[in-house]
Amino acid sequence: MKKLIVAAAALLISVSSFAQFGVIAGLTSSKTDFKSALADYKNIALYHVGVTYKMSLGNLVAIQPSLIYNVKGTKVEEAITGGTSPFIEGQWKTGYLELPVQVQVGFGLGSLARIYGFAEPFIGLAVSNTEQYSGETIRKTWDNISSKFEYGVGLGLGVELFSHLQVSARYFWNLGNVYNFSWSSMTDAPKGKCNGITASIAYIF
């Protein structure tokens, strides 16, 4: 038992000696391809910001959990089969307190850079939600939220410069329904998903 405790303590000390705390921020786009996200970058009003903690497991593998506030959303313009207006425009923004955990696998280019790919499962809890229809006043509501709890996974690529500055991009999938729309008059109602692309910059100390 004592040997097990000593071994666990030694492992913890070894991992902590290669751990780095940091801050992270970036843009979250509801576009589902990089070309559209890049073309629309001036209009992106969604973002994420938080803290991160990188734990290196040797030269190739690292685990990096983060705690972020991530604003996701969607926008739709749809024709209506009846009524006085030919179409309706809706915008929704939902802020999540989110816990993503990156599992990074990469290779180093000396002390200059490290290039890595990663998988990033995440869970989150919605803490704010707003909606706006066809230029009307923005209002806070939970009417169109299917569930405040979210979960999903992201896949991406990143580069780490001088062991401190990380630049990464990822595609994320929300595996459960986020929005719950009930507009029977709309020709093609949104599916309730909230997938998209994020670009992040992190500085780890």
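How many cavities of 30 Å³ or more are there? The count comes to two. A cavity here is a set of points on a 1 Å grid over the protein atoms alone, where a 1.4 Å probe fits but cannot get out. Lining residues have an atom within 4 Å of a point. Grid points are joined across faces, edges and corners, and a volume is the space filled by probe spheres set on the points.

A word on the source. This is a predicted model, where local features need pLDDT of at least 70, side-chain atom pairs count only at pLDDT 80 or more, and totals for chains, interfaces and linings use all residues. Residues are numbered from 1 along each chain as its sequence is written, and side-chain values use heavy atoms, with hydrogens and water left out.

Now the largest cavity. Its volume is about 160 Å³. It has 16 lining residues, and Ile68, Glu98, Pro100, Glu120 and Arg170 lie nearest its centre. Two or more lining residues come from each of strand 3 (61–79), strand 4 (87–109), strand 5 (113–133), strand 8 and strand 9 (196–204). Strands are DSSP runs (E, at least two residues), numbered from the N terminus. Strand 3 gives the most, with five residues.

Next, the second largest cavity. The volume is about 50 Å³. Its lining includes Ile24, Tyr116 and Arg170. Which strand supplies the largest share of this lining? Strand 8 does, with four residues.

On to single residues. Look at the loop between strand 7 (149–161) and strand 8 (165–174), where Phe162 lies. Ser163 is in the loop between strand 7 and strand 8 too. Phi of Phe162 is near 55°, a positive value. Ser163 has a positive phi of about 65°. Most residues other than glycine have a negative phi.

Are they buried or exposed? The cut-offs: buried means under 20% relative accessible area, exposed over 50%, partly exposed in between (1.4 Å probe, protein chains only). Phe162 has 54% relative accessibility, so it counts as exposed. Ser163 has 40%, so Ser163 counts as partly exposed.

Last one: Ser56, in strand 2 (residues 47–57). Ser56 counts as buried because its relative accessibility is 15%. What does Ser56 touch, not counting residues up to four places away in sequence? Phe18, Val61 and Ala62. Contact means heavy atoms within 4.5 Å.

Terms used: 1 Å grid on protein atoms, 1.4 Å probe; cavity = no way out; pocket = protein on both sides within 12 Å on 5 of 7 lines; lining within 4 Å.
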